[in-house]
Amino acid sequence: MPTTYTPCPVYRKCGGCQLQNLEYPRQLVWKQDRCQKLLGRFGKVSPILGMECPYHYRNKVQAAFAYDKRRGRIISGVYQSSTHRIVPVDSCQTEDETADRIIVSVRGLLKDFKLQAYDENTGRGFLRHVLVKRGFATGQVMVVLVTGTPVFTAKKHFVAKLRELHPEITTILQNVNDKRTSLVLGEREKVLYGPGYIVDELCGCRFRISAKSFYQINPVQTEVLYSKAMEFAELTGKEKVLDAYCGIGTIGLVAAKHGAGQVLGVELNPDAVKDAIQNAKENAMKNAWFTRGDAGEFLAQAAQEGEGWDVVFMDPPRAGASGEFLTALAACAPRRVVYISCDPETLARDLGVLQANHYKIEQIQPVDMFPHTQHVETVVLLSKLNAKQHIEVELNLDELDLTAAESKATYDEIKAYVLEKYGLKVSSLYISQVKRKCGLDVGQNYNLSKKEDAKVPQCPPDKEAAIMEALKHFHMV
Ligand code: SAH
């Protein structure tokens, strides 16, 4: 890598901006090459979408605090990569400038209020970290003071002084982290001023963000990313959509606003789910629901119950999706999957699994969410291979249900109709048996079981009559 451009004084020590020695256009070439190497075997990789102004894009900034014996003063900054040594940083080219200024002010106030920085070795002292989040669209600012102890002397005065210095602050929290851990935030949280959360806007929706919940750190590029994701989803107003790994519900709610018929979001972090539910209310989205759970477990259960979606958005953390999630996804057989990934390596692994499960990779679009760093975000469109192609579906005989890989809407409509009119629950398998009897094309080769002696359950007469009537109702026979 050529070293032509090193504008940041702590570039080497900090290690956060691995590509800062390259001018921005060359960083984009580097990222494009990386995607090409890792993802090129799945299809054409579209040119990466970069930023017009790739500076100060981070809306979330956190700084660690410590007493520096050598300098005889409290310092704040970032951990030197792979160490617990703090590199003092007062301003950073990737971080929001307001946030940086607030952190410097907090450091000054510590001295005025005779408060100590936390000492990792002894577990004593007061301030460990400061976390600042700013809504770029709304200007709202959250400051979280992460302390090693719940005791906060002169708390009221401290808060008043900080607000005086920075009237733009809309909420201040104290988070208590008294554990010997490298995690920034602890469990306990106290609101010291304001509502305890901030609100921001993305793609025409408003989002409430709390201290612990995940929110994309580059809002300018998030709009670019989400717009691509919506374009890929081709929502027409009817689709049943799953937003897996939904965080505070951003993708699901943007989808609900842009043509999803109904949206369900699933997320592990309880704070994020609370925010997502509140966000649905605040955006008056009556067709969006959110639930807490492991995305893999949730989808496996849904697959067992014969639940299906037309479009699945998935946005897992860096580790990618679990095997359980991918298997269940293939079983649920959505027509389109929009995979948003922050790690092209795990993305490549997961695309391989989905490709082997009859998904075609249609589009691969990298987006530069993290200029100057080596991180690459990619949004990929996958579509279910068309029904004429041979699809192997393994049937779980205990479970008497089968996922319709052919026409979700029709199967779901028939199920809903039969349930409402006759109070009977019918499976896709039964529907496909009755359709076959009526000479209708079920559109695929259900290779029902690999076991030679497997018995395929047969639709009982009452359900057959009900399904037959539904087929008539829908003018299919
Ligand atoms: N789609 C959201 C969040 C993406 S980040 C957005 O664009 O803002 C990934 C999210 O996955 C995080 O909110 C994290 O809490 C959640 N997560 C991590 N592991 C999970 C799991 N096993 N099941 C469900 N959610 C998980």
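Is Ala333 buried or exposed? At 4% relative accessibility, Ala333 counts as buried, where buried means under 20% relative accessible area, exposed over 50%, and partly exposed in between, using a 1.4 Å probe and protein chains only. We'll come back to that residue further down.

First, a word on what you're looking at. This is a predicted model, in which local features need pLDDT of at least 70 and side-chain atom pairs count only at pLDDT 80 or more, while totals for chains, interfaces and linings use all residues. Residues are numbered from 1 along each chain as its sequence is written, and side-chain values use heavy atoms, with hydrogens and water left out.

Now zoom out. The chain has 477 residues, and 53% of them count as buried. Its C-alpha atoms fill a box of roughly 85 × 50 × 40 Å along the principal axes. You can pick out 13 helices and 16 strands; these are DSSP runs numbered from the N terminus, with helices being H or I of at least four residues and strands E of at least two. Take the contacts in the chain with a separation of 6 or more: residues 24 or more positions apart account for 69% of them, contact meaning heavy atoms within 4.5 Å.

Let's start with helix 8 (residues 295–304) and helix 9 (residues 323–332). They pack at an angle of about 30°, with axes 8 Å apart. The axes here are lines fitted to C-alpha atoms, for helices over the stretch in contact, and the angles run from 0 to 180 degrees between N-to-C directions. Helix 8 and helix 9 are therefore roughly parallel to each other; angles under 35 degrees get that label, over 145 is roughly antiparallel, 65 to 115 roughly perpendicular, and the rest oblique. Helix 8 passes helix 9 in a left-handed crossing, that is, the near helix is turned anticlockwise from the far one by less than a right angle, with clockwise making it right-handed. On the helix 8 side, the contact involves Ala295, Gly296, Glu297, Leu299, Ala300 and Ala303, and they meet Glu324, Phe325, Ala328, Leu329, Ala331 and Cys332 of helix 9. Those residues divide into nine nonpolar, one polar and two charged, with Ala, Val, Leu, Ile, Met, Phe, Trp, Tyr, Cys and Pro counted as nonpolar, Asp, Glu, Lys and Arg as charged, and the others, Gly among them, as polar.

Follow the chain out of helix 9 and you're back at Ala333, which sits in the loop between helix 9 and strand 14 (336–341). Ala333 has a positive phi of about 50° although it is not a glycine. Cys203 is another residue other than glycine with a positive phi, near 45°. Look for Cys203 in the loop between strand 8 (197–202) and strand 9 (205–210), where it is buried with a relative accessible area of 15%.

The crossing is right-handed. Tyr430, Ile431, Val434, Lys435 and Lys437 of helix 12 make the contact with Lys463, Glu464, Ile467, Met468 and Leu471 of helix 13.

On to the rings. Rings of Phe, Tyr and Trp (its six-membered ring) pair if their centres lie within 6.5 Å, and planes under 30 degrees apart count as stacked, over 60 as edge-to-face and the rest as tilted. By this rule there are six aromatic pairs. The rings of Phe152 and Phe158 have centres 5.4 Å apart and planes at 65°, so that pair is edge-to-face. Phe152 is buried at 8% relative accessibility, and Phe158 is buried at 1%. Phe298 and Trp309 make a tilted pair, 6.1 Å centre to centre with 45° between the planes. That pair links Phe298 in helix 8 to Trp309 in the loop between helix 8 and strand 13 (311–314), 11 residues apart. Phe298 counts as partly exposed at 21%, whereas Trp309 is buried at 4%.

Ring pairs also join Phe152 and Phe158 with Phe113 and Phe126 into a cluster. Asp112, in helix 3 (residues 97–112), is exposed at 56% relative accessible area.
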